[in-house]
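Hi,

Here is the structure I promised to pass on. Have a look at it first, and then read my notes below.

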Amino acid sequence: MFHWCGKSCSLSKTLSPHWFYSWFSSSMESEIPLSGKSRLISDAHPTPLEFEYATECGQEPSVASAALLELLHSPSCLVNADGSVTHLNVAWRRHVGIMDGGCDFISWVQLIYAEDRYAALSHFQRAIAMRERMDFECRLQDCRGEAHWFLLSLQPLGGMQSDQSGLLCLATDIDRLKRKELDLERRASVQTDMLNISVDCIKLISPDGTLLHMNRAGCDALGVPENSLFGMPWLALLPEDVRVAGEKAIASARAGTFARFPGRSVLPEGEVQYWDNMLTPIMNGGAAPTAILCVSREVTAEREALETLQANEERLAIAVAVGGLGIWDYDIRRDELHCDEAWYRIMGRDPSCPIRSIAEFRSFIHPDDVDRATEVERTAGDLTASKRDYAIVFRIIHPNGDIRWVRSAAYLQHVSGAPTRAVGFVVDITDVWHRELALRDANRVLEEEKTVLVRQSIEDPLTGIANRRGLDRELARICSEPDFKEEAICIGMIDVDHFKAYNDRYGHLAGDAALRNIASALQSVARQSDTVARYGGEEFAFIMMGVRDPVPILDRFIAIVAELAIVHADSPTGHLTISCGCVVFTSLDKLSPALLLKRSDELLYEAKAAGRNCHVVRVNSA
């Protein structure tokens with residue numbers, strides 16, 4: 001027994017960390033302050049007599065506290081609130097390879113493995129701030145820099161209510177247990193990942209039909225969350241019409257017999273999937289199975305292919321019965337071609353000399369079409385990807401040199417997603433094709449003529465810009481479409497100043513040339529989305545969408561006409577100029593094309609009255 005600050009206890013080298021915590025905390029709660037740094041009384045574990053001697057000789061209690069840590073065989077230390085280690089016991093020093101007395105100025109967080117330091121520091125700060133015990137798992141770094149798992153316990157010195165700010169840190173080695181735990185988790189994760197890789201729906205079902213586990217594909221197919229705890233009846237997740245067959249299959253598997261039944265599921269988007277459910281009982285040495293393994297393989301594509309094949313074969317039989325069709329059957333994998341007599345008759349060949357491969361068929365085809373008509377692999381791949389049937393028009397050459405047009409169509413059969421067989425027919429369409437080509441040519445000529453007529457009807461023949469009809473059509477479109485109702489629009493009228501005098505003095509040919517030059521200049525200033533039109537005589541009009549301030553554009557209109565420098569001796573400026581009136585409408589609601597032009601025409605007269613060679617702009621003049 002020894003005495004320390006009025007407390008007595010029996011010490012041994014086999015003290016448990018938790019007993020030590022309790023005893024150490026109660027001692028610190030009473031009257032033991034911590035000093036800044038500590039030193040060891042002895043390199044070996046102190047005896048009770050050494051500890052009693054130390055305290056009676058006036059040594060600081062922290063020295064005695066440090067000596068108590070040496071009684072523990074597991075790593076332990078004293079840490080200040082700032083994270084500096086005031087004492088590291090022998091067990092910890094041996095773990096990190098620090099020589100005796102070499103622990104001064106060590107930061108506690110440096111003892112933690114680098115990847116765990118952030119989390120450990122969070123626990124440390126909480127223990128300091130809240131004055132509460134913190135237990136957590138982390139890795140400590142050894143002398144070789146390797147990591148070992150420990151359970152760290154941080155206990156405020158002096159207890160929960162003490163003013164002491166330091167911590168006692170005890171470390172319990174859990175490395176072997178932790179690594180076994182991590183290995184088990186890894187193995188479980190690998191097994192789950194292996195199941196999730198499968199595109200099949202894999203389920204583990206109890207004999208009573210309860211769902212115990214299901215892989216990702218199964219969860220997706222049945223709309224069950226992947227992190228679900230399961231435990232629900234499996235058949236209740238399926239449509240009612242397949243449950244009876246499912247119950248019979250489960251009953252067979254429960255009796256120890258392999259079972260199988262067709263299933264169906266409906267995705268939230270309404271898409272139907274078809275399944276082949278295979279149930280295998282899992283026996284555990286007894287007569288009855290402990291669980292049922294169900295592998296559900298999706299057969300939607302195979303079912304759809306079979307239905308399509310049946311429908312196509314029915315259509316093909318009808319077409320053959322009508323007559324005029326030659327049937328062919330091609331084995332893609334073996335490159336074997338089989339054709340009926342009607343096919344040879346269309347090709348102009350003798351059925352007694354059959355062809356057996358695509359290579360032999362190539363000699364029947366026009367050179368310009370041969371590659372396109374016999375690219376089997378690429379064509380099959382494209383059709384498989386697009387889920388379309390095969391159809392092509394190409395030319396063949398009869399032995400007498402006649403060129404005939406034929407149309408060939410086929411249906412592809414697949415095995416495991418790969419095309420394996422093509423069955424189709426061929427029909428001679430030469431006469432129809434010639435008529436179709438002639439009709440196409442006639443239609444193309446008509447469309448070109450129609451385009452010319454439409455353009456001529458809305459285009460001014462003198463200037464090449466839009467005419468009055470084109471302007472009216474654009475205004476009507478703007479006023480009628482809702483998208484333009486709230487969009488700003490500028491409508492303007494332009495008049496060539498003193499143009500009558502110009503015609504009288506220089507002649508109409510010069511006047512026409514002047515109008516063409518002015519139209520071209522105005523068109524060059526306008527944006528591509530704007531409309532510039534010849535309104536009539538020497539008057540022009542323009543439409544600009546989305547423009548609230550047209551002044552810079554109008555200034556440019558006037559400037560570019562002036563830059564033409566078309567001499568006009570009877571004009572005050574000595575050359576042709578223009579005047580412009582422009583209205584900015586912020587809304588077209590209840591406005592008509594006639595009203596838009598009327599407002600801009602009124603402002604044009606104001607510009608002419610103001611001395612010409614200028615513009616007048618108004619906003620919201622509705």
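One term before anything else: a residue is called buried under 20% relative accessible area, exposed over 50%, and partly exposed in between, using a 1.4 Å probe and protein chains only. Please keep in mind that this is a predicted model, where local features need pLDDT of at least 70, side-chain atom pairs count only at pLDDT 80 or more, and totals for chains, interfaces and linings use all residues. Residues are numbered from 1 along each chain as its sequence is written, and side-chain values use heavy atoms, with hydrogens and water left out.

The overall picture

The protein chain has 622 residues, and 43% of them are buried. Its secondary structure comes to 19 helices and 22 strands; these are DSSP runs numbered from the N terminus, with helices being H or I of at least four residues and strands being E of at least two. A contact here means heavy atoms within 4.5 Å. Taking contacts between residues at least 6 apart in sequence, 53% join residues at least 24 apart. The chain exposes about 33,100 Å², with carbon and sulfur atoms supplying 53% of that area; the areas come from the Shrake-Rupley method with a 1.4 Å probe, and for residues only the protein chains shown count as cover.

Salt bridges

Side chains of opposite charge can pair when their charged atoms come close. I count a salt bridge when a side-chain nitrogen of Lys or Arg is within 4 Å of a carboxyl oxygen of Asp or Glu, and that rule gives 31 salt bridges.

Glu606 and Arg618 form another salt bridge, 3.0 Å from N to O. This pair links distant parts of the chain, with Glu606 in helix H19 and Arg618 twelve residues apart from it in strand E22 (residues 615-619). Glu606 is partly exposed at 37% relative accessibility, and Arg618 counts as partly exposed at 36%.

Elsewhere, Arg362 pairs with Asp371, with 3.1 Å between the closest N and O atoms. Arg362 has a relative accessible area of 33%, so it is partly exposed; Asp371, at 44%, is partly exposed as well. There is also a network of salt bridges linking Asp368, Asp369, Arg372 and Arg395.

Around Asp497

Which two residues did I find joined to Asp497 by side-chain polar contacts? They are Ser579 and Thr577, each at 2.7 Å. A polar contact is a pair of N or O atoms within 3.5 Å; within protein, one must be able to donate a hydrogen and the other to accept it, and residues adjacent in sequence count only if both atoms are side-chain atoms.

Ser579 sits in strand E21 (residues 578-585) and is buried, at 0% relative accessibility. Leaving aside neighbours within four places in sequence, its contacts include Met493, Asp495, Leu604 and Asn613. Thr577 lies in the loop between H18 and E21, and is buried with a relative accessible area of 5%. Not counting residues up to four places away in sequence, Thr577 touches Asp495, Val496, Asp497, Val561 and Asn613.

Two backbone angles deserve a look. Asn613 has a positive phi near 55 degrees in a residue other than glycine; this residue is in the loop between H19 and E22 and is partly exposed at 32%. His498, also not a glycine, has a positive phi of about 55 degrees. His498 lies in the loop between E18 and H16 and is partly exposed at 28% relative accessibility.

Helix H17

Helix H17 (residues 508-525) has 18 residues and reaches 26 Å from its first C-alpha to its last, close to the 26 Å expected at 1.5 Å a residue. That expected span is 1.5 Å times one less than the number of residues. Its buried residues are Gly511, Ala514, Leu515, Ile518, Ala519, Ala521 and Leu522. They cover an arc of only 165 degrees around the axis, so they are on the same side of H17; the arc is that of the directions from the helix axis to the C-beta atoms. The partners they pack against include strand E18 (489-496), helix H16 (499-506) and E21.

Cheers
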